[in-house]
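Trainee: I would like to go through some labels and ask what each one rests on. Where do we start?

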Amino acid sequence: MLISNSSSNKGRQIFAWHFVLFCTFATNFGRYDRRKKLVCFDWFVKFMLRDKSNFEMLEGFLSELLKENVLIIELLDSEANKSSKDDKFNRVDVLVKDTKDERIIVEIQNNKEYDYLQRILYGTAKTLVENIKEGQPYSTIKKVISVSVVYFEAGQGADYIYHGQTVFTGIHEKDVLSLSEEQQDLYGKNLPQDLYPEYYLIKAADFDEEINDTLDEWVYFFKKGEIKEGFTAKGILKAKKKLNVGKLTPAQRRKYNKFLEEQRSIASHNETLQKDIEDAKEEGEQKAKYQAAEKGLRKKLSIEEVAEINDLSIAEVLEIKHKIDTEAP
């Protein structure tokens, strides 16, 4: 989608924003409870954002996050906006346009990925390449901002909102590199990081639900699927009104219920897969203990010593010893 911001930019400088809402259902199953009064935000982006009257909600969240006024003008047609056989995984790319011909890609994906940080790196790189035409100078490369809302451990850290930039710091003087006057005139920016991709990582599941500012109100909604009385963040009241399940048309309600069923199915699959992995790991660890215990017994260690060393019960060691004793000569 395209968005605009309140800061002035040179006409030749075009930016692209990359927004990612990444939901993992197995660890955040409660967001897809039918009893919730509000539809989940990812469903809104997938099915309701095509209505221009609903732009205000996403504009509000992005404005609070980026600390500047974001205005979406239109939803552009792209292959990513079309339905596909992968819809059940809720992977959606939405391309929109703003008043300054800037672009933002809204991506929603519901599968847990351990290489997620590399995936968003690939996503920004792909966006950069796709938004410069052959023969154009590098000065026309679009800026990309990647915003990810995740419900799994995408990285270790004490905070729940992280911002990443490319900053050039002097090895000896420790100074931060700035653009020359000519470059500032060309780009309308002061620092290289204003030209390079930026990343916002919101770990919604780690949010302690203590509201300290208006951005926290949106994070609370992402985590709980609820909007409290007294919330004042940009777009949040519109979200409370428009995302009310009771306000959906019969057709939207059927589609929403189907969506919830699909997400619960995905959650169940992910949970089962995780349990299978844990069981296999436990089985492997137990097998290794038995093998070590057998080696200990063959080296004439006492039953008590073998049990203590391998954290096994006496009964388990006796069973292993019986197996050894009954082996054919």
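Mentor: With Lys289, which is labelled partly exposed.

Trainee: Why is Lys289 called partly exposed?

Mentor: Its relative accessible area is 26%. Buried means under 20%, exposed means over 50%, and partly exposed is in between, with a 1.4 Å probe and protein chains only. Because 26% falls in between, Lys289 is partly exposed. As to the source, this is a predicted model: local features need pLDDT of at least 70, side-chain atom pairs count only at pLDDT 80 or more, and totals for chains, interfaces and linings use all residues. Residues are numbered from 1 along each chain as its sequence is written, and side-chain values use heavy atoms, leaving out hydrogens and water.

Trainee: What makes Asp311 and Lys289 a salt bridge?

Mentor: Their closest N and O atoms are 3.8 Å apart. The term needs a side-chain nitrogen of Lys or Arg within 4 Å of a carboxyl oxygen of Asp or Glu, so the pair at 3.8 Å qualifies. Asp311 sits in the loop between helix H8 (303–310) and helix H9 (314–325), while Lys289 is in helix H7, so parts 22 residues apart in sequence are tied together. Helices here are DSSP runs of H or I with at least four residues, numbered from the N terminus.

Trainee: Is Asp311 buried or exposed?

Mentor: Asp311 is exposed, at 61% relative accessible area.

Trainee: How do you know that Lys203 is buried?

Mentor: Its relative accessible area is 2%, under the 20% limit, so the label holds. Lys203 forms a salt bridge with Asp206, with closest N and O atoms 3.2 Å apart. Asp206 is partly exposed at 37%.

Trainee: What separates Lys321 and Asp325 in helix H9?

Mentor: About one helical turn, as they are 4 residues apart. Their closest N and O atoms are 2.9 Å apart, and they form a salt bridge. Lys321 is partly exposed at 32%, whereas Asp325 is exposed at 52%.

Trainee: Which residues do salt bridges with shared partners join into one network?

Mentor: Glu153, Lys203 and Asp206. The whole structure has 11 salt bridges.

Trainee: Which residues gather in the patch of negative charge on the surface?

Mentor: Glu278, Glu282, Glu283 and Glu285. A patch takes residues with over 30% relative accessible area and no salt bridge, joining like charges within 9 Å (for nonpolar side chains, within 5 Å). Glu283, in helix H7 (residues 250–298), has 61% relative accessibility and so counts as exposed.

Definitions and conventions
Accessible areas come from the Shrake-Rupley method with a 1.4 Å probe; for residues, only the protein chains shown count as cover. Lys and Arg count as positive and Asp and Glu as negative; His and the chain ends are not counted. The place of a charge is taken as NZ of Lys, CZ of Arg, CG of Asp or CD of Glu. Helices (H or I, at least four residues) and strands (E, at least two) are DSSP runs, numbered from the N terminus.
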